[in-house]
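Let's take a friendly walk through this model, one region at a time. Keep the sequence and the 3D view open as you read.

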Amino acid sequence: KSQLLFLENLLEAIPYPVFYKDVEGRYLGCNRAFADYIGQRSEDIVGKTVFDIAPRELAEVYDEMDRMLLQKGGTQRYESEVKSAHGDLRFVVFHKATYPAPDGAMGGIIGTIIDITEEKKAEEKVIVAMQESDILREKAEKLAHEKETLLKEVHHRIKNNLSTIISLLAMQADRLEQRTAKEALILARTRVQSMAVLYDKLYSGENYKSMNLAIYLKTLVNELVSFYPAGEFVNIRYDIAPVELLAKQLLPLGLIVNELVTNAMKYAFPEKKSGEIHIGTYAKNGMILLSISDNGVGLPAHVLEGRSKGFGIELVGLLVKQLKGTLRMENNGGAKFSIEFEKIG
C-alpha cells in the first residue's frame, strides 16, 4: 500500500500530463495534470478509451499508434494534436512505453504529453521571416545590374532580419526546458548564423557578389565553435585555398560546413579529450574540393551505409545536390566528408 501511495504521489508531482492504460486501451489512471489538460475528472477517465475522451479522427491516430507499440514493445515518440480543456487543438509530443504485468506478460502502456504549441508557432514565424528574406534576396539578384545601391540596401535589411531571427531563436531556446526542442532551436540558430556571417562579409566589402572562401569559412567556423563549451579543447586546422566564390555557392557551402562542424563538435569527441577538426579546400581545373575531417570516434555504420534519418545529414545531401556536386563519407582515423563541385562565375 505504501508503495502504491508513493507511485500515486510521484505521478501527481510530475508537471506534465501522465496516463497509463491496459492492453485493451482502457485508462487505468492518470495524474491531475492530464485530467486538467483535457478538461475531465480523473475518476471519469478511468475505464474509458481514447474514443471516449477525444474526437474520432484524433482517437483513431492514438489507437493505431498504441497498437503498433503494443505489438513491438519498447518506447515510442511522435508528434500529434490534442484537444485541450479549452476546446482548441494543441501541438504535442507523445512519449510512450510499454510496461509488464505481474506475470511477465504485456501489461499496457504508460505515456506523457509535452505541449510544443508555442515552439511550433515560433518555428512558423522563423519560416515566414526566412521566406521574406529569400524573396528580398531574389529580387535583389534580378535588379543587381541596374540598381547596385538598392542591392546593398537589401543586403543590409536581410542582415537585420537574420539578426532578428537569431535573437528570437536564442530567446526561445533559453526559455525551453525540453532538451530535444532546445537543441533543435540552437541548431536552427547556427544555420541562420552561417547565413548572417555571409551577408555581413558581403555587405562590409566592396564586392558584394562574391567573397574569398578562406575569409568566409574561417569566420564562420570560429563563430560556430565559440557556441560550444567543448571548443576550448578542440583545435581547428585550416588549409583553405584563397579562391573567390559567388554568393549563390557560398551560402549552401556555409550551411554544409555548419552542419558537419556541428556534428563533429557534438559527437566526435564524447570523452571530451583533445581533438582536431581539419577543414581544407582545394581548387583545380575549375573544380572545388571541400574536405572536413576529425580525429574522433568516426561515423557509425548506419551513416556510412546511407541509412541515417538525421535531419543534418539529409540537409547536407540536399545542399550538395544544390551545388550539383558529389559527397563522399568515410572513416579515416576519424570521420571524413569530401564534397566536390564545379566553380561557377
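## About the model

This is a predicted model, in which local features need pLDDT of at least 70 and side-chain atom pairs count only at pLDDT 80 or more, while totals for chains, interfaces and linings use all residues. Residues are numbered from 1 along each chain as its sequence is written, and side-chain values use heavy atoms, with hydrogens and water left out.

The protein chain has 12 helices and 12 strands; these are DSSP runs numbered from the N terminus, with helices being H or I of at least four residues and strands E of at least two. Of its 345 residues, 43% count as buried. Here buried means under 20% relative accessible area, exposed means over 50%, and partly exposed is in between, using a 1.4 Å probe and protein chains only.

Which residues of α5 are buried? They are Leu58, Ala59, Tyr62, Asp63, Met65, Asp66 and Leu69. These residues cover an arc of only 165° around the axis, which puts them on the same side of α5; the arc is taken from the directions from the helix axis to the C-beta atoms. An α-helix has 3.6 residues a turn, so residues three or four places apart point the same way.

On the other side of α5, Arg56, Glu57, Arg67, Gln71 and Lys72 are exposed. The cover over the buried residues includes β1 (18-22), α4 (50-53), β3 (75-83), β4 (89-100) and β5 (106-115). Just after α5, Gly73 takes a positive phi of about 75°.

## The nonpolar cores

A nonpolar core is a set of buried Ala, Val, Leu, Ile, Met, Phe, Trp, Tyr and Cys residues joined through side-chain atoms within 4.5 Å. The largest has 43 residues, and Ile256, Ile277 and Ile279 touch the most other members. Elements giving two or more residues to this core include α9 (213-225), β7 (234-240) and β9 (275-284). Its largest share, 10 residues, comes from α10. Apart from it lies another core, of 20 residues, among them Ile38, Leu58, Ala59 and Met65.

Leaving aside neighbours within four places in sequence, the contacts of Ile279 (heavy atoms within 4.5 Å) include Val221, Ile236, Val261 and Leu290.

## Aromatic rings and charges

Rings of Phe, Tyr and Trp (its six-membered ring) pair if their centres lie within 6.5 Å; planes under 30 degrees apart count as stacked, over 60 as edge-to-face and the rest as tilted. By this rule there are five aromatic pairs. One of them joins Tyr27 and Phe34, tilted at 40° between the planes and 5.9 Å centre to centre. Tyr27 is buried at 4% relative accessible area, and Phe34 is buried at 3%. Phe19, Tyr27 and Phe34 form one aromatic cluster.

The charged end of Lys96 sits over the ring of Phe94, 5.0 Å from its centre. Such a charge is NZ of Lys or CZ of Arg within 6 Å of the ring centre and within 35 degrees of the ring normal.

## A glycine between two strands

Gly286 lies in the loop between β9 and β10 and is partly exposed, with a relative accessible area of 40%. Not counting residues up to four places away in sequence, Gly286 touches Phe341, Glu342 and Lys343.
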